[in-house]
Amino acid sequence: MPELNFTDLSSEKLSLPLFIEKEISVDVLRLDRIHPYISGNKWFKLRYYLEEAKKAGKTSIVTYGGAWSNHLLATAAACKMNDLDSVGIIRGEKSGTLSPILLKAKELGMRFVFISREEYRRKIIPHALNTDEHFLVDEGGYGYPGAKGAATILEYCQKETYTHIGCAAGTGTTMAGLISNASPSTRVMGISVLKNNVELEEKVKALLPDSKWNYQFIHDYHFGGYAKYKPELIEFMNEFYRQTNIPTDFVYTGKLFFAVMDLIRDNFFNPYAKLLIVHSGGLHGNTSLSKGTLIF
Ligand SMILES: *Cc1c(COP(=O)(O)O)cnc(C)c1O
């Protein structure tokens, strides 16, 4: 398995005609370059959980996810690197074939336990996993240690220089981490990738200690819901790649960049705004699209 690589993360300046026209500057923090499986924000969210688990002498990490979970894949890979066992509690009965993400996680040594949607919703831990050797991590790495890890993402850029930081938001753990470590004058924008995710705002707030924070949610770019997409999104991802050489994924970062471009076009940002967009990785998820859909 490849090593983690933190050397080419530095923020990359995009120069597109639209940005010149609107007098806006846009940098991209390329977390997608860290690792093919522990990609983007996932290592940052996992780092303190891994540390805690090892310190507590646990031999295994147990966590939750669905068929599209980059978090499960990242956990599987990170555990393999750290000589820990990994178990994924999967929402839904086992179907005939595993998704490409789950197949890869399995190949990296993750064991799966399938539970019903109802049990999953109630976060019921199967009996056999409720023992001392297992360390439990919530779905998507949600929780204080996850956000504390995500806060360290900003060590890889000059955070004071930005008026806005944009990220894709699923559980909101990454967004909460970015908010907690951004300069007070920088607004963190979370682009929700789920439809009607009213819980997201509460979940982010719950991870931030009481104080004044500068952030905003955008709920209009889910394209029908989690892991749903429309031809328009795929066309955008291909065109964005042609113009910038930056690959995106259809579950998170495609929607993020689509939203940013659309907001810029609509004059959402004032002239001289300086944006940092966090490319949170997730490119492995594109393997579930049929061949030829994307040009990269
Ligand atoms: C998991 C993931 C996210 C969402 O992160 P949260 O901390 O759950 O909001 C965003 N982008 C990519 C590529 C992801 O894999």
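## Exercises on loops, helix packing and cores

Ala-227 is found in the loop between β9 (215-218) and α9 (231-244); helices (H or I, at least four residues) and strands (E, at least two) are DSSP runs, numbered from the N terminus. The model is predicted: local features need pLDDT of at least 70, side-chain atom pairs count only at pLDDT 80 or more, and totals for chains, interfaces and linings use all residues. Residues are numbered from 1 along each chain as its sequence is written, and side-chain values use heavy atoms, with hydrogens and water left out.

### Exercise 1. Positive phi

Determine the phi of Ala-227, state whether Ala-227 is buried or exposed, and do the corresponding phi analysis for Asn-267.

Solution. 
1. Most residues other than glycine have a negative phi.
2. Ala-227 is not a glycine, yet has a positive phi of about 65°.
3. The relative accessible area of Ala-227 is 11%, so Ala-227 is buried (buried is under 20%, exposed over 50%, partly exposed in between, with a 1.4 Å probe and protein chains only).
4. Asn-267, also not a glycine, has a positive phi of about 60°.
5. Asn-267 lies in the loop between α10 (253-265) and β10 (274-279).

### Exercise 2. Packing of α3 with α4

Describe how the axes of helix α3 (residues 70-81) and helix α4 (residues 100-107) cross, and list the residues that make the contact.

Solution. 
1. Two packed helices are described by the angle between their axes and the distance between the axes.
2. The axes of α3 and α4 come within 8 Å and cross at roughly 15°. Axes are lines fitted to C-alpha atoms, for helices over the stretch in contact, and angles run from 0 to 180 degrees between N-to-C directions.
3. α3 is therefore roughly parallel to α4 (under 35 degrees is roughly parallel, over 145 roughly antiparallel, 65 to 115 roughly perpendicular, the rest oblique).
4. The crossing of α3 and α4 is left-handed; that is, the near helix is turned anticlockwise from the far one by less than a right angle, whereas clockwise is right-handed.
5. Asn-70, Leu-72, Leu-73 and Ala-76 of α3 make the contact with Ile-101, Leu-102, Lys-104 and Ala-105 of α4 (contact means heavy atoms within 4.5 Å).
6. These residues divide into 6 nonpolar, 1 polar and 1 charged. Ala, Val, Leu, Ile, Met, Phe, Trp, Tyr, Cys and Pro count as nonpolar, Asp, Glu, Lys and Arg as charged, and the others, Gly among them, as polar.

### Exercise 3. Packing of α2 with α3

Solution. 
1. α2 passes α3 in a right-handed crossing.
2. From α2, Lys-42, Leu-46 and Leu-50 take part, and from α3, Asn-70, His-71, Ala-74, Thr-75 and Ala-78.

### Exercise 4. Packing of α6 with α7

Repeat the analysis for helix α6 (residues 144-151) and helix α7 (residues 173-181).

Solution. 
1. α6 and α7 pack at about 55°, with 7 Å between their axes.
2. α6 is thus oblique to α7.
3. Their crossing is right-handed.
4. α6 contributes Gly-146, Ala-147, Ala-150 and Ala-151 to the contact, and α7 contributes Thr-173, Thr-174, Ala-176, Gly-177, Leu-178, Ser-180 and Asn-181.
5. The division is 5 nonpolar, 6 polar and no charged residues.

### Exercise 5. Nonpolar cores

State how many residues the largest nonpolar core has, and identify the contacts of Ile-61.

Solution. 
1. A nonpolar core is a set of buried Ala, Val, Leu, Ile, Met, Phe, Trp, Tyr and Cys residues joined through side-chain atoms within 4.5 Å.
2. The largest nonpolar core has 54 residues, and those with the most contacts inside it are Leu-31, Ile-61, Ile-165, Met-175, Leu-178 and Val-204.
3. α3 supplies the largest share of this core, 7 residues.
4. Apart from this core lies another, of 38 residues, among them Leu-18, Tyr-221, Phe-250 and Val-260.
5. Leaving aside neighbours within four places in sequence, Ile-61 is in contact with Leu-50, Ala-53, Thr-75, Cys-79, Leu-84, Asp-85, Ser-86, Val-87, Phe-135 and Val-137.
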